[in-house]
Amino acid sequence: MSEDGIPCLWMRGGTSKGAYFLAADLPSESAARDDLLLRIMGSPDPNQIDGIGGADPLTSKVAILSPPSRDDADVDYLFLQVFVDQALVSDAQACGNILAGVAPAAIERGLVAAKGEETHVRIHMVNTGEISVATIQTPGGRVRYDGEAAIDGVPGTAAPVPLMFQGLAGSMCGVLLPTGNACDMVQGIACTLIDNGMPVVVMRASDFGLTGEESRDEIEAMPELKARIEAIRHEAGLMMGLGDVTEKSVPKMTLVSPPRSGGVISTRSLIPHRVHATIGVFAAVSVATACTLKGSPAAELAASPADGRFRVEHPTGAAEVLIAQDETGRVTGAGTLRTARKLMDGRVFPRS
């Protein structure tokens with residue numbers, strides 16, 4: 001199979017890039033599949049020089065698409081994070097950025113038929129069991145990628161990909177707040193342990209002696225800070241029911257500070273060992289939700305929006321999260337706007 005190459009769509013989804021495959025084109029056994037994906041991406045190697053990975057967690061991602069396994073979905077989507085410098089492939093989380101390319105890829109590959117000017121695609125996120133509904137522009141029965149929508153972290157504009165999520169709370173931990181608290185003390189640091197689509201530990205940047213305006217490179221160059229955050233992550237993982245997270249990519253660790261550019265909150269996110277150039281979609285949803293929780297570190301710093309549109313600031317702009325709340329203030333729904341673009345359609349040849 002691999003000698004003749006493997007059909008692959010290389011796409012930008014949100015602020016990430018990844019390889020989109022049909023499950024039928026990959027080994028069905030997970031160990032053989034993961035070995036193949038490591039060879040395709042060129043891992044383990046910090047430069048991924050002998051593969052298609054981009055030497056960054058944001059560009060070493062995989063989406064595997066298959067016919068739906070449940071009646072309320074049109075396509076199944078399994079996300080896999082291929083580690084850059086480790087021989088590790090993880091399905092421990094979902095990815096909301098790569099999710100933005102799933103519906104276009106499903107239409108391109110014939111798993112979903114285009115219907116009219118817009119096609120609504122119900123995506124079963126296999127990693128977490130939730131359903132997301134993506135709206136794709138399909139004039140003339142073909143996916144339209146050009147448009148006027150802009151998202152921070154991506155140059156230029158593209159067709160909008162609205163994503164609405166169902167049943168996000170407790171995606172991996174079972175409940176929104178695994179400890180039942182809006183704030184827990186973990187190794188002397190006030191933390192919100194939250195899972196509204198992504199397990200995240202939300203902490204004040206100031207509690208680490210930071211302003212919250214530090215660049216990605218500045219934080220990367222602080223090994224003592226990163227070691228302290230990692231120690232908190234290990235303890236928080238146990239508290240969140242995630243077990244030993246040493247080899248897991250969750251929970252994400254997010255430092256928050258007051259907004260600087262008209263948003264609701266400012267963030268610096270570790271994913272979990274590298275500092276994110278932006279912030280993941282589901283992490284942004286979880287952080288925005290934390291902003292609504294009285295007594296949480298995020299709520300103390302957040303500027304509450306009047307219209308339910310939470311702009312979560314990050315190092316290169318802001319991610320817009322739509323939060324719906326009931327009369328008690330409880331979060332009842334979440335959505336976001338992303339874009340996606342097809343970069344390459346062909347066959348990929350893994351190293352032997």
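This is a predicted model: local features need pLDDT of at least 70, side-chain atom pairs count only at pLDDT 80 or more; totals for chains, interfaces and linings use all residues.

Residues are numbered from 1 along each chain as its sequence is written, and side-chain values use heavy atoms, with hydrogens and water left out.

**Entry: salt bridges**

I searched the whole structure and got 18 salt bridges. I looked up a few of them.

Asp72 pairs with Arg70, with 2.7 Å between the closest N and O atoms. For accessibility I call a residue buried under 20% relative accessible area, exposed over 50%, and partly exposed in between (1.4 Å probe, protein chains only). By that scale Asp72 is partly exposed at 33%, and Arg70 is partly exposed at 29%.

Next I checked Asp35 and Arg39, whose side chains form a salt bridge at 3.1 Å, N to O. Why do Asp35 and Arg39 sit about one helical turn apart? They are four residues apart in helix H1 (residues 30-41). Helices here are DSSP runs of H or I with at least four residues, strands are runs of E with at least two, and both are numbered from the N terminus. An α-helix has 3.6 residues a turn, so residues three or four places apart point the same way. Asp35 is partly exposed at 39%, whereas Arg39 is buried at 19%.

**Entry: the charged network**

Which residues does the salt-bridge network link? I find Asp56, Arg216, Glu220, Lys226 and Arg274 in it. Within it, Lys226 and Glu220 come to 2.7 Å between their closest N and O atoms, and Glu220 is partly exposed at 25%.

I then zoomed in on Asp56, which lies in the loop between H1 and S3 and is buried at 14%. Its side chain makes a polar contact of 3.0 Å with that of Arg216. A polar contact is a pair of N or O atoms within 3.5 Å; within protein, one must be able to donate a hydrogen and the other to accept it, and residues adjacent in sequence count only if both atoms are side-chain atoms. Leaving out residues up to four places away in sequence, Asp56 touches Gln48, Val84, Arg216 and Arg274. Contact means heavy atoms within 4.5 Å.

**Entry: aromatic rings**

My search of the whole structure gave one aromatic pair. It is Phe165 with Phe282, tilted, at 4.9 Å centre to centre and 55 degrees between the planes. The pair joins distant parts of the chain, 117 residues apart: Phe165 is in strand S8 (residues 160-166) and Phe282 in helix H6 (residues 281-290). For the record, rings of Phe, Tyr and Trp (its six-membered ring) pair if their centres lie within 6.5 Å; planes under 30 degrees apart are stacked, over 60 edge-to-face, and the rest tilted. Both Phe165 and Phe282 are buried.

Most residues other than glycine have a negative phi, and most peptide bonds are trans. I list the departures I looked up.

- The Ser43 to Pro44 peptide bond is cis, omega near 0 degrees; Pro44 is in the loop between H1 and strand S3 (61-66).
- The Val250 to Pro251 bond is cis, with omega near 0 degrees; Pro251 is in the loop between helix H5 (223-239) and strand S12 (252-257).
- Gln48 has a positive phi near 45 degrees; Gln48 is in the loop between H1 and S3 and buried at 1%.
- Gln187 has a positive phi of about 50 degrees; Gln187 is in the loop between strand S9 (184-186) and strand S10 (189-195) and partly exposed at 41%.

**Entry: helix H5**

Which residues of H5 are buried? I get Leu225, Lys226, Ile229, Glu230, Ile232, Arg233, Ala236 and Gly237. They cover an arc of only 165 degrees around the axis, so they are on the same side of H5; the arc is that of the directions from the helix axis to the C-beta atoms. Pro223, Glu224 and Leu238 are exposed on the other side. The buried residues pack against S9, S10, strand S11 (199-204), helix H4 (216-220), S12 and strand S13 (265-270). After H5 comes Gly241, with a positive phi near 80 degrees.

Notes: A salt bridge is a side-chain nitrogen of Lys or Arg within 4 Å of a carboxyl oxygen of Asp or Glu.
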